[in-house]
Amino acid sequence: MPAPRDHAWGPSRPTVDTHPSIPWQWPRLRWKPLLSLLLLFTFIGLWQGNTMYLTMLGNGDHIQWGKPYLWELSGNLAGFLLGYLPYTAVVNAPRPAGRWGRFLLIHGPACLLFAVLSPPIFLAMRHGVYALLGWGPYHYGPLGFRLPMEWQKNLIAYIIVAGGYAFYFHLKESRRKALREAELVARLQEARLQALSAQLDPHFLFNALNTISSVMYESLERTDRLLASLGQMLRDGLENGAALWPLERELAHLDAFLDFALARFGARLQVKLDVEGGLSTVPVPRFCLQRLAENAIKHNQDRVGQTLSLEIRVFRQGDRLCLVVRDDGVGFGDGLDEGIGLRNLRETLALCHGDFGKLDLRNPPGGGALVSLEVPVGFTHA
Amino acid sequence: MPEPFRVLIVDDEAPARSKLERFLAEDERFAVVGQAADGLEALDRVRELGPELLILDIQMPGLTGFEVLESLEVSRPQVIFATAYDQFALQAFEAHALDYLLKPYDQARFKRALDKAWAQLQAGRGQNGALQSMLSQRPLDRLVVKDGDRWIPLPLRLIKRLSAEGKQVRIHAESGEFLVRRSLQELEGRLDPRRFARVHRGEIVALEAVLQMEPWDHGDALLILKGAGKVVLSRTYRKGFLERWGMEG
């Protein structure tokens, strides 16, 4: 029975943005990684200086030994100082991710700036050190050849540096993801255990046995049915299943539970069940409806001499399955206090459906309590 | 054949009541005079029918079996307790060597309990001392008070002050004042000491209700309560009260 969107029971559908606009970020600098990077660039500079010095010696050039080191070190230091450009670019555009325009718009200018700003910086260093050490004037050579040489070198350097950052972020992200997944599995297991222990609640078990031992004197048929229901509930509880199971199993479980509730409370409990067809395979949290029905009964147990009406509705609304349990009892107290059962259910929803699962409690107009649960139809994380 | 003893069945489950009725119908020593499906109804039925034996369920809507017994002002009937699974109740029974039925029970077990009760009734024994001491030591989480001719359970969090008044205690609560036939001494031992403190020979206050303390004379002080007047804090109780009140923040 599809309900209209603005119906009192109807949840509103959230909008899903697949391309969320990420705000531009200026990454913060931290001392430790900066120092390690400085060391790395210095090391590379010294290594290139060595290479150049030995090459020149091999060529028979007579040269002041410090000069090749200065040239290479100053070039690498300029790269270090301008490293903030590729870093910022990678933070804001780690991957093209199907949006090449944005990717190039960020990395293009960053790369250009990186290439263009580098020569003035290292030239200033070289001139300074030459003057300081009395090495005479520094000759860079004709700019017409020199600058294109630097630019193409810097283009490669930019790609290597940016690629390094991107790789680092990727590693960090995948480690975070693996951790989150491990946590998810652990918490799911915990939720399962809690569900299990709640199911084998000794209160329920002994009350059920007592109900059977009383009904037995009145009707063998009803006793038989109750025993089958108890068997079903114990099997469901003992089964080491997932946090979600198909709606049809939840309904069978609910049915077994209601058998006992109705046998115990007789005319003091009225249950109306309304389930839309064609949804039997949709995954729902284990024991969700049963737990909600049990909660409603438990919280209204102290009302003396009054009938409790329970209305359970399951229906589809667009791509969502709505499970609504409503009673005409005392309603939620101030602050809509949640017990362990509701908290567990909320946790299971968050773990299995993320933002797509919803649990809503309220005191509807007309009295009583209303709990509505929403899960996506045919979509889960777990 | 002597007159059968009059039995009242108190249980919130209809099938359980009819099972008991069936068992009792087979025993000529007893006659079922009525049934009650919750604690408040049980109180009315007891007053109305004056049963000599109660078959009493512990967990019930309204009032628990213990609260029903405590609220009975007239002499209490003999009791056979029944409970499915309640560790607190079991501990209390064990501690006072009281007999009880664990649900589900069979006819043989029930008959043994009946035989015992019958022997007690035959001997004309009145109130059971062990039962009395169990009831007066059980920690309270609410008080059953009489409002006109209705009984209502009053949660302790609504109680601000308890004052001795002759052989009774006046309960000052948000919803009004009630008299209960108890001693302040007994109540003090059964209230949560983190929430209630004796401040005077004849006064207990809820720590939460104390708004401020003013000096009085001879080392006594005056406590101003939220909506429950003023109470003298006597020197004797001063230290104990301040420790707990301070802890309350």
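Reader: Which side chain does the side chain of B:Thr83 join in a polar contact?
Author: That of B:Gln59, at 3.1 Å. A polar contact is a pair of N or O atoms within 3.5 Å; within protein, one must be able to donate a hydrogen and the other to accept it, and residues adjacent in sequence count only if both atoms are side-chain atoms. One caution: this is a predicted model, where local features need pLDDT of at least 70, side-chain atom pairs count only at pLDDT 80 or more, and totals for chains, interfaces and linings use all residues. Residues are numbered from 1 along each chain as written, chains are lettered from A and ligands numbered from 1 in written order, and side-chain values use heavy atoms, without hydrogens and water.

Reader: Is B:Thr83 buried or exposed?
Author: Buried, because its relative accessibility is 0%. Buried means under 20% relative accessible area, exposed over 50%, partly exposed in between (1.4 Å probe, protein chains only).

Reader: Where is B:Thr83 found?
Author: In strand β4 of chain B, residues 78–83. Strands (E, at least two residues) and helices (H or I, at least four) are DSSP runs, numbered from the N terminus.

Reader: What does B:Thr83 touch?
Author: Leaving out residues up to four places away in sequence, its contacts include B:Leu90, B:Phe93 and B:Lys103. Contact means heavy atoms within 4.5 Å.

Reader: What kind of peptide bond joins B:Lys103 and B:Pro104?
Author: A cis one, with omega about -5°. B:Pro104 sits in the loop between β5 (100–102) and α5 (107–122) of chain B. Most peptide bonds are trans.

Reader: New topic. What is the phi of A:Phe287?
Author: About 65°, positive although this residue is not a glycine. A:Phe287 is in the loop between β3 (283–285) and α9 (288–299) of chain A. A:Phe287 is buried, at 1% relative accessible area.

Reader: And what is phi for A:Ala97?
Author: Near 45°, also a positive value in a non-glycine residue. A:Ala97 is exposed, because its relative accessible area is 57%. Most residues other than glycine have a negative phi.

Reader: Now the two chains. Which residues of α6(A) meet α1(B)?
Author: A:Asn210, A:Ser213, A:Ser214 and A:Val215. Across from them are B:Pro15, B:Ala16 and B:Lys19.
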